Amino acid sequence: MKIDHLPETYRKVVTSVLTRIAVAAPEDRRLLEDFVEAVDITDFPDEADLGEWKPTRHPTMEEMRGDEWLASGLCWGRILLAPCIPEEMLVATFAHECGHAVTTIDDLFDVGGPSDEWRSELAADRKAIGWGF
């Protein structure tokens, strides 16, 4: 996961969140290293948006047959964060986006919800809460 290009405050928060995840759920921490290519800062069209999980490549059928995590719905991507997020909000935002990155099809089914978007958001929150955020 590339983070060297981030401002110091962002690098510090990313490292802190990943350390906390490693303690709470070592397998999730490993999955984040394997599937999150980078954390980048970007402006969002809606100023209220603070972060986004942006898939960059979905696995092929052959890759899914050979890897249980790919078969479970994981894919490669980047976490995008808005510039100038206050540190107390940055922790929650980054943890939530990490939750999106490691959410499986089973997680979406388990959490329920009225729509795909709600299930995705609820599953990401559930992951972050499970890690202690």
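A residue counts as buried when its relative accessible area is under 20%. In this predicted model, Thr104 has a relative accessible area of 11% and is therefore buried. Thr104 sits in the loop that links α5 (87–101) with α6 (105–111). Leaving aside residues up to four places away in sequence, the contacts of Thr104 are Trp69, Ser72 and Leu74.

Turning to the sheet, three strands form an open arrangement in the order β1-β3-β2, and their pairing is mixed. The edge positions belong to β1 (36–41) and β2 (51–57); each has a single partner strand, so one side of each lacks a neighbour in the sheet. On average, and with direction ignored, neighbouring strands of this sheet are turned by 20 degrees against each other. Strand β3 (residues 76–81) runs parallel to β1, and five bridges join the two. Within this part of the sheet, Ile41 lies opposite Leu81 of β3.

Helix α2 (residues 26–35) packs on the sheet and touches β1, β2 and β3. The direction of α2 makes about 75 degrees with that of β1.

Helix α2 also meets helix α1 (residues 8–24): their axes come within 5 Å and cross at roughly 135 degrees. Angles from 65 to 115 degrees count as roughly perpendicular and those over 145 as roughly antiparallel, so α1 is oblique to α2. On the α1 side, the contact involves Leu18, Ile21, Ala22, Val23 and Ala24, which meet Pro26, Asp28, Arg29, Leu32 and Glu33 of α2. Sorted by class, the contact between α1 and α2 comprises seven nonpolar and three charged residues, with no polar ones.

Conventions:
Residues numbered from 1 in each chain as written. Predicted model: local features only at pLDDT ≥ 70, side-chain atom pairs only at ≥ 80, totals over all residues. Heavy atoms only, no water. Helix = DSSP H or I, 4+ residues; strand = E, 2+ residues; numbered from the N terminus. Buried < 20%, exposed > 50% of the residue type's maximum accessible area, 1.4 Å probe, protein only. Contact = heavy atoms within 4.5 Å. Pairing = 2+ DSSP bridges. Axes fitted to C-alpha atoms, helices over the stretch in contact; angles between N-to-C directions. Parallel < 35°, antiparallel > 145°, perpendicular 65-115°, else oblique. Nonpolar A, V, L, I, M, F, W, Y, C, P; charged D, E, K, R; others polar.
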